[in-house]
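Hello,

Here is the structure I promised to hand over. Please open it, then read on for what turned up.

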Amino acid sequence: MSTPLQVYEPFKAGLPKLGRYWKSLWSRRTFIKEYSKSELREQHFDSVFGQLWLVINPLLLSAVYFILIIIIGGATDSARYAHLTASLFLFYLVANSLTGGVKSVTAGQRLILNTAFPRIMLPISALVIAIFKFLPTLVVFLVIKAIVGSPFTIEMLWAIPVLLITIFLALGLAITISCINVYFRDIASFLPYLTRTLLYLSPILYAASDLKPSLRAIKVVNPLFPILDSWSQAMVQGEAPQLSSMLQGLAWATGIFFIGTYFFLSREREFAVRL
Amino acid sequence: MSSLSVSNAHLTNELAVSIRGVGLTYTTSIDKKPTLKARAKSLGRGKKQTRVVRALDDINLDIQYGHVLGVIGTNGAGKSSLMRCVAGILPPSQGRIEVYGSVSTLLALGVGFNPSMSGRDNVFLGGLAAGMSREEIAGNFDEIAEFSELGDAIDAPMRTYSSGMYARLAFSVAATVKPDILIIDEALSTGDARFKEKSLNRIKELRTEDRALILVSHALATIEDICNEVIWLDKGKMMARGNPAEVIAAYREYMHVRKSASSDEDV
């Protein structure tokens, strides 16, 4: 008699066997790829105008916010515009993984009720979609940067680790919020307010250095603050960002990822009952 | 969670699934949807309003290869819960389930989880989630599409499908992917007479020596025709198990239904 391939027993609260979980997740990596592809195709991002919209949308957004800056803050310059676009585009990478992630588990209800698979694939797919939407805006930014004559330097390569930290943070946020949404379905309705607040608390419409000393607390409580600051330093000013900012961003990302993933993994076997 | 492709030859009467003392309880909230608002409103009003559902109670069952097990019972008897436990979707609250082979869940119903995507995308995504490779699905896809008789509609978004089309695609997926242990949960109940006939024949073809089949249905005549063992669940408890004719007769008597046309009609 062979040994059983699978054994299902009552689960105690806690994590599944991580090695097995990872193997099972890795063997399904094509799902993540295909899911993101179909999702993007369904949103028409495989057509010329769909792609164009991916570029036009952030451009229009940055134009609107630029007008806002001019009206509220008075005169401004092209470097300010470069800072705005660079930060805004990166911010939307995080915001899109949040909005995509929040309903990823609840929308996969039919799949969850009928197939056994690592549920974490769903928020991961949401992140991958957000990354695909981000990539064209990166090209747009580089064009803007060339037009406004901002310097291209070797220090800009610092943007790569900053981007990786951002993706890590976005992943943690997507996993966390998708799990929360299973238990509190109205989180999805609060989300627009949350992202909007996060937008204003982040150094996007203003430079990090312009922040009044009395408002410095924002720096500490907003996980995006150090990342966006570093990103702007590397991408816009072409300088090496402060290591402390990057480490602070990494600490946020790691913390959110581990706490969110712990909750997700220890509760995902219950999702089928909750949906 | 092994891939469906791991299909070893199994001997008839070799154990496929062993279910030992399995119980399943869960708590459902009385509120329609769990929300933060509802939680905040009920703060300070004592305990959260919940209901404990005992879906399965001390189920013991062995399923062997080469056998076809029928599962009958009223709505809410725990049939689907038991199937979900076997498929590893719901962890049992008590007991232990051992599975000796690859299980296709009602893969079937997982198809179409995203109504705005086409039937083709849904079949691929459902298969990939179940652990199949792209190539495996592509290799089976033509057969699935042909069996479902959907024609060009396979590339239309699934929200445009009728319930019959849904069911046809679902059954085609379940019947084409050839796992060691195949669970078919009510996937047969829609579709026109001709398609029912066709699916019934397919199930008979799938009844091979090295596969275990579990069929959940309200169509008692079909169960009696196809299965060589039947279990009857009621309120989470196993009421009877054994020869199809006897168990079904007992069930009919319990339900006070005569052998009428309405209980036999659906496949």
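**A buried glutamate and its partner**

Glu34(A) is buried, at a relative accessible area of 8%. (Buried means under 20% relative accessible area, exposed over 50%, partly exposed in between, with a 1.4 Å probe and protein chains only.)

First, the ground rules. This is a predicted model: local features need pLDDT of at least 70, side-chain atom pairs count only at pLDDT 80 or more, and totals for chains, interfaces and linings use all residues. Residues are numbered from 1 along each chain as its sequence is written, chains are lettered from A and ligands numbered from 1 in the order in which they are written, and side-chain values use heavy atoms, with hydrogens and water left out.

Back to Glu34(A). It forms a salt bridge with Arg134(B), with 2.8 Å between the closest N and O atoms. (A salt bridge is a side-chain nitrogen of Lys or Arg within 4 Å of a carboxyl oxygen of Asp or Glu.) Glu34(A) sits in helix α2 (residues 29-42) of chain A and Arg134(B) in helix α5 (residues 134-148) of chain B, so the pair joins two chains. (Helices, H or I of at least four residues, and strands, E of at least two, are DSSP runs numbered from the N terminus.) Arg134(B) is partly exposed, at 32% relative accessibility.

**The interface**

Chain B puts 50 residues into the contact and chain A 45 residues. (Contact means heavy atoms within 4.5 Å.) About 4,200 Å² is buried between the two chains, and carbon and sulfur atoms give 61% of that. (Buried area is the accessible area, 1.4 Å probe, that two parts lose on being put together, summed over both.) The rule finds two salt bridges across this interface. Arg41(A) forms a salt bridge with Asp121(B), the closest N and O atoms being 2.8 Å apart.

Strands meet here too. Strand β1 (residues 6-8) of chain A pairs with β4(B) in the antiparallel sense, over three bridges. (Two strands pair if DSSP finds at least two bridges between them.) Within β4(B), Val99(B) is the bridge partner of Gln6(A).

**Within chain B**

What ties helix α7 to helix α5 in chain B? Arg202(B) and Glu143(B) meet in a salt bridge at 3.5 Å, N to O. Arg202(B) lies in α7 (residues 193-206) and Glu143(B) in α5, so the pair ties together parts 59 residues apart in sequence. Arg202(B) is buried at 11%, whereas Glu143(B) is partly exposed at 31%.

Best wishes
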